[in-house]
Amino acid sequence: MKQTKYISPIFIVAVLAALMLMPTSCRKNLLDQTPTTDPSPTTFWLTETDATAGMMGLYAATRPCFDRDYYMDGQSEYFRCRGTSITGGNLRLGDAYNGGNFNPTGYGASFDNMYRYLYGAVDRANYVIENVTKMQAKGGALATSTVLQVIQGEARLLRGMAYFKLISMWGDVPYYTISPTSNDQVASLSRTPLAQVKDSILSDFTYAFNNLPLKANAVGRASKPAALALRGKLQLYWGSWNKNGWPELEGFTPSATAATAAFTAAAADFKSVISDYGLTLYLNGDPGQIDGLGKNDILPNYYTLFTPKANGNPEMLMVFTHGGTGTSQGEELMRDFSGRSHEGSQCWVSPRYEIADRYQSTITGDFVTPLVPMNPTVPASGNVARTALNSAVNPNSYLNRDYRMKSSIQWDFEQSVGMASLASTGNVPFIYQTWAGTVNIAGVNYITYNTDGCNSGYVFRKFLRNYAGQGRSDGDFAWPIVRLADVYLMYAEATNEVSGPLADAIALVNSIRRRGNLPALAATKTADKQTFFNAIEQERIIELFGEGQRSFDLRRWRAIERVWGLPGSAGLWRIDTWGANQQRYYQNTSDLEYKQNYIFRIPPGERDRNPNLTQNIPWR
Amino acid sequence: MPETLHLRGKIPLFRITLLLFSCLVSLFATAQMKTISGIVTDTAGTPLQGVTVSVLKSKAGTSTDVKGRFSISAAVGSTLVFSSANSETSTVQVGTGDEYNVTLAQRVSSLNDVVVVGYGRQKKVNLVGSVGTVNVDEKITGRALPNISAGLSGLVPGLAATQSTGMAGRNGAALLIRGLGTPNNSSPLIVVDGIPDVDINRVNVNDIETVSVLKDATSASVYGSRGANGVILITTRTGKGMKKTLFNVTSNTALEKPTKGISFLANYPLALTTEQRRAATNTLPGNQLYKNGTIDQWLALGMIDPLRYPNTDWWKIIMRDGKMQNYNVSAAGGGDKSNFFISAGYRKENGLQINNDYDQYNARFNFDYKVRDNMNVGVKFSGNWSNFTYALEEGFTDPAATNTAGFDMQYAIAGITPYDPATGLYGGVMAYGEDPQAYNPYQLYINSPNRQTRQEANGTAYWDWSPIKGLTAALDYNLIYYNQFNYTAPTPAQAFNFQTNAFGSRVYVGPNAAVSNTNLNGYKTLMNARLNYHTNFGKNHDLSALFVYSEEYWNDRFLSASRNDRYSSALSEINGALSNIISNSGGSSAEGLQSYIGRVNYTAYGKYLLEGNFRVDGSSKFVPGQRFGFFPSVAVGWRFTEEQFLKPLLGDVLSNGKLRVSYGGLGNNSGVGRYEQQTTLSPNNYIIGGTQAVGLVNSKLLNLDLSWESTKVFNLGLELGFLNNKLTVEADYYDRLTKDIILGSQLSNLLTGAFSAPNTNIGSMRNRGVELTLNWRDRVGQFNYGVSVNGSYNKTKLESWSQLLTRGATYSGNTVFLNMPYNYVYTYLDNGIAQTWADIYKNTPQGAQPGDILRQDLNGDGRIDGNDQTAMQASRDRPTTSYTLNAYASYKGVDIGMLWTGTAGRKDFWLNAFNNTNFGTSRFAVTEQLVNNPWTVENRSGLWPRIGGSGNNTALTNFWLDNMSYLRLKNIQLGYTFPKPMFKLLGVTNFRVAGTVENLLTITSFRGLDPEKAGNNNNIYPIVRSYSLAVQLGF
C-alpha cells in the first residue's frame, strides 16, 4: 500500500470516474436494439415484390370483414345464429363480427367492430395506393409496370368494397382517401352524404375495372368481371334505396328517376358480366346426381360448390381464399355450421324450421303442402310422427324436393361424414334431440349427430365438408363475395324494376332453378313485375341461403314489415319440427325498433370524441 | 457482495483505541488491583467478540477477543460493566474470584442495527428513507411457506402480499408497495444480493437473512427507472463473522386443506330437477330436455348401480389433501481471510388439486476471499431447478380467451362416472337429454397435464479494492440464465357410456393428439462498476459518496413446435410423431439499459442527516432523444433526541427520536414494448394457389414524444423509541404521484381497425397514505415477549387523464375516472328481490317478475339503462387499509407466536360461473347453493333471485357487491428449543421443533371463496390452510 501514498485520492477518483463515464457502453450498441422478426418499412416499397406483399396484406385485412357474413343471415327469418366462434380481439378470427347481434331484430347497435375494421381495410387500402402511387411516380420500369397497375386496381376494388358495406349499413359515413399517419388527420371528420360516397365507390370500381385483368392472376385476387359485378350491385342497391326510400337516413331524398337510372346501369353491368367473359354456372348449372333419403354418397353439384373442391370455379367471381392446416388462415365454416360429431364443431348456426317449406317440389316446380311439425316421443306408445303424411319428422316428407334442399340442410335421418381427430368416424345420422344417441338404421348401429346447437330440427349440410382431414378451424374454402348466380338474380331484379319480366331474365332465373332440378317457372310466376319479383326473391332465399345476403335484401327492399308483421303486432314464432315454440320475434315491437333495424348506429364512442359525427335518426 | 460497509473501517479502529487506552491505564495501576478474566457469551452460549468491558468510575477498559475472552485489572469491590452495541448492558461486582463468566442478553432493539439499502448498508439510526426490514429467523423458516412472497404478508406496513390461489407452483403472493402506482407493471423490483430481476418465488426461504422493503423515493431512487413501485432487497446468508462452521438442517412438513371450497351437488337427480325448474320458467314440460322418467330412474338405480347411474362428488374426486415438504441443509463459516455459505434445499408441493405437483431444488454458494488487505474477491452462485405439473393455467380454470374450455368446470355434472378402473374407461354423459359436451374434469387432469421444467442459474463475481483510506472501487458482473421447457402430450381418451356400453360422441383427447414442446431461454447480464468514498472531517462530520455505472442487458428466446400423430401415446418428444401435421414458432427479443447512479450521505454531529441520490437511466425501448431519464431524490433527517437542549425534556422516556423527510423521483418504462417505438411492418399473409403468400401491413402509428413514466414521492417519517427502545414507534406519511403514465392512446375508430394505438403519457395517479408500526419488546426474567402492531392506509386516486373519459369508461377492463380509484366499483343499486307484483309496479319497469332483482332508476328517467349505474369510492382490486398484529412470547425453550392480518376498503362483485342463477339449460354443475338459495314462491326468503329469471339478475348490482374486508389468523406457531446441555456432547448447538398452522381462521362477510383472492373470479383454486411440523437442527 506504499504506492497509494504517492497517488492523490482525487486522482484515483477522477480516473475511475472518467472510466465509468465513458460515452460508449461495454456491450456494443446496448441501447440500439433492432426488432428480430418484423421487417423495417424503410427498405420496403421498392420493388414489385414489395408492392405485391403489401397488396396481399391488404387482401388479408379485408377478408375478415366479409368472410363471416353468414352470421348476418341470422338477421333474417330462415337462419338462426345462436352464437359465434369468434375469438375476441383477433381480426382474422372474426373480431369484425364480434359483439354483433345476429337475431332478426335489435341488432343495429352492435356493429361498432365491423365499422372500425371496415375502416381498417380502408386505411390499409389507402396505404397501398399511396405507396404504389409513389413507386409509379419514380418513373422507369415501375411507372409502366402492369403488376403495379393491377395492384392499384385491386386496392381500389377492396377500398370500394369496404365503403360499400359501410354505406349499406350506416348510410352516410366519413370518406377519405389519405393514408393517415396520426390521429389528428381523421379524428374530426364528418359524415359524407350517401350519394357522394356512392359516387366515389363507383369511381373506384370503375378504376378497378379499367386496370384489372380479364381473369384474376390467381384465385383470391380480383378481375374485371368482379369489379363489374360489384359496380352493378352498388347501383342495384342505390336503385333500391332510391326506389324504396331510406327515411332513417337524414338528408337522403329518394328519387324515382335516380332509381331507374341506377337499375338500368346495374343491369348493363350485370349483362356484361353474364355475356362478355364466357362465364358459366358451376358445372354449367347441371343439377348433378342425388342420393336417396338418408344417404350421402352422391350429393348434388350445388352442394359441392360450397366445398373447397370447387375452389377456383368460374362461378365464383370474387372470393377470399383460406388456407388449410398449418397456414393459420383457415376458415371456421365447419365449426359454425356443423356439430360436435364433426371435429368437435359447435353448431353456432342452423337453418330454422321455416326454411323447409321454401324448398319447392321437383315435380310441380311449386311449393309443397306445408310440413306438419310432430313430436315423435309423445305419446310414448302409438306415436305415428315418423310415418305420418307430411310430418316434419317423417323423412319421406322430403322426397322430390329442390336438390338444393338436400345440399343445404339435413333433416331427421339424413347423414353426413362424422370426423374426429382428422379422421373419419363414419356416417352420423342427424336425429333431432338425440345428441349422440345410438340408433340402428337398417341393421347398422350409428351414433347420432351430436349437437346442442340446433333448436329447429334441421342442421346445415351446406359448407360442411364430407371428408375428413382438416380441423374445425382449418377450412380452406374460398369465401364468395359475389358469384355468377347472384349476378343472374340481380340482373333479373334490375331489369324487372325497369321493364318488368324480360325473357332473358326469366331464362337466367330458370337456369338457377335448374340446378335444384326444378322445372322452369310457370307462366303465372312471371306474369307481372310483382310475381316475377316474388320468384326472384324465392330464388335468392334458396340459392343464397347462408351467404349473408338476405338481411341486406330485407333492408334495401324495406321488407321487414312484410316478413314479420307491422309494429305492435303479435310477431312470429320460430318453431321446430316437433312443434315446440322456440323464439318469437317482433312481438309488440315498437316502430322505433323497426327503424333501428333499417339503419345501423354510428358508434357512440366515436361520437363522444368527434363532435362533427352525426347520428342516424333512430339512434338519437 | 456489493454492500459498502463504511462501518467496516470504523469499528476495529475504535477497538484498537480502546485496547491502547486500557494498556496505558494498566501502567498506572495500583497495588490493590488484580487481573480479572473470563468469557462473555450470549444466552445461547456463543462467545461474544468485541464486548466492551470497563470498570465503573475508572478509565480502565478492554474488550473481548474472538473467543469472548477478556482480561482486565480491577480492584476488589469495583464494578465491571459489560456493554456492546447488540447486547443489553450487564454489571458484575468484583469479589474474591478472578474468573467471571458473563452472559449477555441480546438487545431487544439496537441502535446499531444495520439495514440493507440499495448498493450498500446503513445504520438504521442514520436512515433517512422509509425502509421496512424483515429478518428471516427461525420463526419464519419454521412456517410452511412455499416462498418468501407469501411469508411477507403483514410483516411490513405498506407492503401488500396478496395470495390469490393455493395452486402448487403458482402460489406466490402478488406484492404491491403503497398501493397501485401505475396501471402498468406495478410490482416492486426484486433485488437479491444486489442483483435485480430475480424471481422472488424461486429463492429458497432458508437462504435468506434479511428482506428490506424500500418504500420511498430516497431509498429506491438508486434503482431509478426500475424502482418506481418500490424495491425489495433480499440478502442471503454469509459466513461472515463466524469462526466455527455451523451446519443447519431443517425439515418442514405440512398437511394442506382448503380454507373453503365450493359445494358442487353430488346428487344428479336433484341437479336435473333443478335444471327442470330452470327450464320451467319458459319451456313447456313436453319440450324440456330432462324427463321425469330419467330423473326417477336415476334416483332409483343410482343407489344400486353407481357405475351406470353415478352421483359423482367431483370436488372429492379432483381434490386431495395437499402436502408440502421442505428440506434444507446449509453450512456457513469463515475466517480472517474468507468466509462461505453453502446450502441445498428441496421443496415438494402436492397441491389440493390432483395432478398439481411442484418440486424445486435449490443450491447456493456464497464465497469471498481477502486477496490483499485492501482487496476482496468473491463469487455468489445460486441455481434452482423445478418440475411443475398442472392441468389448467389456474388449476381448475383458464381465463385465456384462446382456451374455449377454460371454464368447463361449470359443466362437470354429477351424472358422469369419472373413471372405471375395471375397464380403464373414462365416463361421459349417459342421462337422456343430457348434453354430450358435459365435462369430466378427472379425465382432463389425468390425461392432459401440462408439464414444465425450469432451470435458473445466477452467478455473480465481484472484486473490490480500497487503494486509499475510505475509497473503495468495485466491479461486479452477474449473469442470470434460465431455461424453461414445457410440454404436453395428452393421452387419448373418449367419453364412454356405461349404460349403452358404447363410446359417446365426445372425444376428450383424440387419437392423433399432438405433442407440443415449448422452449424458453434467455439470459440477463449486469455489469456494475462502483466507487465508494467515505471520510470523516472535522470532529463531527461524516461523509460518504457512491457512484455506480451499470449496464443491463436482457435477451430472451423462445422456440416451440408440435406434431400430431404420435407413434405411441406414451411418447412426448417431437420426433416421436409423424411430420404430416406440424407447427412451430420462434423468436427473440433484447433490451438494454445503461445507468449512472450517485449517492451522497452526510451526517453531522450524529444528528443531522442528509442524503442525496440520483440515477440516470437510458433505455433501448425509447427513441434517441427520449432515451434517458433522470431520477433524483433528496432526504434530510434529524435525530432530535441527540440534541442536548431536548434531553432534559425527554428524560428517560424517549430514548430515540428521528424525524425524516424525503422527496424524489422514480421512473418506469414497463408499459413500453421492447420494439414498440420502432417502425416495423407486420405479417398479414394471404393464400395464393393454396399456399401462404407474404403479406405485410403497417400497423404502427408511433408516438415519438413518448417518454418515461415518472413517480414523485414525498415521505415524512417519524421514528421514536421509548423506554430504552422497548417500545418503538415508526410512522410514515407519503404522497406518491405517478405522472405521465404510459398507456395506449385513444384513436379514432377509423384507425383502430388497422393500427394499434400508440402509447402515450396519458395521465397521473396519486397514492396517499399513512403507515404506523408499534413495537413492544421486553423481557421479564426468562420470559421474553413482544407485540408488534402495524397498519397502513392508502388511497389511490386518478388525477388526470389526457384522453376522453366518459361515464363508466373502462381501460383494459378497469373502470377509470378522475378522482376515483383505478377500477372503482361502478354498479347499479337495487331494491332487493321483488316479492310480489306490487313490488314490481312500485319500481321502474324493467321486465322483472317476482323473484327478480329490482334495480333502482337512479336518474329517474323512467327506464333502467347504463346511466343508472353509480360509482363508489372503492377499488374492486385492492383494499385501502391493512393491519397486522404480530405477537410472540418465549419462556425458556418454549416459544409461541401468532400473526393476524386484515384488510378493509375493498369491494367486489360476487358473480361467477358457479353462482349464476341463469345457468345453462343443460350440462350444468349445480351447486348446493343453487338448490337452496334461489327465490321461489315457497322460499320467499331465498338469498338469491329466482333461477332462470331476468338476465338482469346477474348484472353488476349491489345485490352481488360484497365488502371484501377480512381478518385472518395468518399464522400461529408453537416452538420448543431443547436446552443446550442435552445435546452438547453431540455437538448440537441448536435444536428446535415447531408446529405451525397457516390461515387457521378467517372472519369475513364475503360470501365467496376467499376475500384475499383477486383477479379472475371464476378461479376456484382455494387458498390453503396448512398444518406443519418443522425441525430445525444446528451443529
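B:Asn819 touches B:Lys797, B:Leu798 and B:Gln873, leaving aside residues up to four places away in sequence; contact means heavy atoms within 4.5 Å. The model is predicted: local features need pLDDT of at least 70 and side-chain atom pairs pLDDT 80 or more, while totals for chains, interfaces and linings use all residues. Residues are numbered from 1 along each chain as its sequence is written, chains are lettered from A and ligands numbered from 1 in the order written, and side-chain values use heavy atoms, without hydrogens and water.

B:Asn819 sits in the loop between β44 (814-815) and β45 (824-827) of chain B. Strands (E, at least two residues) and helices (H or I, at least four) are DSSP runs, numbered from the N terminus. The relative accessible area of B:Asn819 is 43%. B:Asn819 is therefore partly exposed, a class between buried (under 20%) and exposed (over 50%), with a 1.4 Å probe and protein chains only. B:Ser800 is 19 residues from B:Asn819 in sequence, and their C-alpha atoms are 8.3 Å apart.

In chain B, helix α5 (residues 268-280) packs against helix α6 (residues 292-301) at about 160 degrees, with the axes 8 Å apart. Axes are lines fitted to C-alpha atoms over the stretch in contact, and angles run from 0 to 180 degrees between N-to-C directions. The angle makes α5(B) roughly antiparallel to α6(B), a term for angles over 145 degrees. B:Tyr268, B:Pro269, B:Leu272, B:Thr273 and B:Gln276 in α5(B) meet B:Asn292, B:Thr294, B:Ile295, B:Trp298 and B:Leu299 in α6(B).

Methods. Angles under 35 degrees count as roughly parallel, over 145 as roughly antiparallel, 65 to 115 as roughly perpendicular and the rest as oblique.
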